[in-house]
Amino acid sequence: MNIRGRPIARLAVAAVVAVAAAVTGNGGARAQTDGCATPPEMTETDIRFPHLAERLKAQQPVSIVAIGGASTIGRAAGAPDLSYPHRLGQDLAQDFPHSPVAVTNKGVPRQSAKQMFERFATDVFAEDPVLVLWEVGITDAVRATDVDEFVQTLQDGVDQLKNRAIDTILVDIQFSQSPATVINFESY
């Protein structure tokens, strides 16, 4: 899936790396050398990840968990080693060689927000992450989950992450024109 011809997974990786570089003052973030470079306006942000920044500045180990569906495990990219969590781990390890970075991929296809949230205790909190990327919404849209239930699940999940001092990124639905004509993605 693409936004302006750019794969969403690349944007997610570039955004996290750019934010991490900004909050830590690491000017060594490498330039992208392939033909699919992310435009700067897609990664420039005022968002701060204080817990991630603290760990990187102190050169301490960093644990990141990506929880989501098929896109998280790399099905859309073609292979797990092309998934955005895998690429994020590679990029952060290269940019921050003095901070061991572990990105754990907890993607499970076709799970609702509620099913993912129910896995937080075993699949997220057990990893003691400093950052969680939660790709959520597509299955709920396809199944027409009650929107209020969906919103409450997201709020409960974000609240639990916040209460545990875990920086959080919600990864939006990857847009595709074809399904958008028959599935109401807008509410999710």
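This report walks through a sheet, a helix across it and a group of aromatic rings.

## Before you start

This is a predicted model, where local features need pLDDT of at least 70, side-chain atom pairs count only at pLDDT 80 or more, and totals for chains, interfaces and linings use all residues. Numbering starts from 1 along each chain as its sequence is written, and side-chain values use heavy atoms, leaving out hydrogens and water.

## The sheet

Let's begin with an open sheet of four strands, paired in parallel in the order β4-β3-β5-β6. Strands (E, at least two residues) and helices (H or I, at least four) are DSSP runs numbered from the N terminus, and two strands pair if DSSP finds at least two bridges between them. The edges belong to β4 (101-107) and β6 (167-171), each with a single partner strand, so one side of each has no neighbour in the sheet. On average, neighbouring strands are turned by 15° against each other, direction ignored; axes here are lines fitted to C-alpha atoms, for helices over the stretch in contact, and angles run from 0 to 180 degrees between N-to-C directions.

Seven bridges join β3 (residues 62-68) to β4, with valine 62 opposite valine 101. β3 also pairs with β5 over four bridges, and there alanine 66 has leucine 133 as its bridge partner. Five bridges then link β5 to β6, where glutamate 135 partners valine 171.

Five of the five residues of β5 are buried (under 20% relative accessible area, with exposed over 50% and partly exposed in between, using a 1.4 Å probe and protein chains only). Leu131, Leu133 and Glu135 point one way, while Val132 and Trp134 point the other.

Helix α4 (residues 84-95) lies across β3, β4, β5 and β6, running at about 175° to β4.

## The ring cluster

Phe117, Phe120, Phe125 and Trp134 are linked into a cluster by ring pairs. Rings of Phe, Tyr and Trp (its six-membered ring) pair if their centres lie within 6.5 Å; planes under 30 degrees apart are stacked, over 60 edge-to-face and the rest tilted. By that rule there are three aromatic pairs.

Conventions
Contact means heavy atoms within 4.5 Å.
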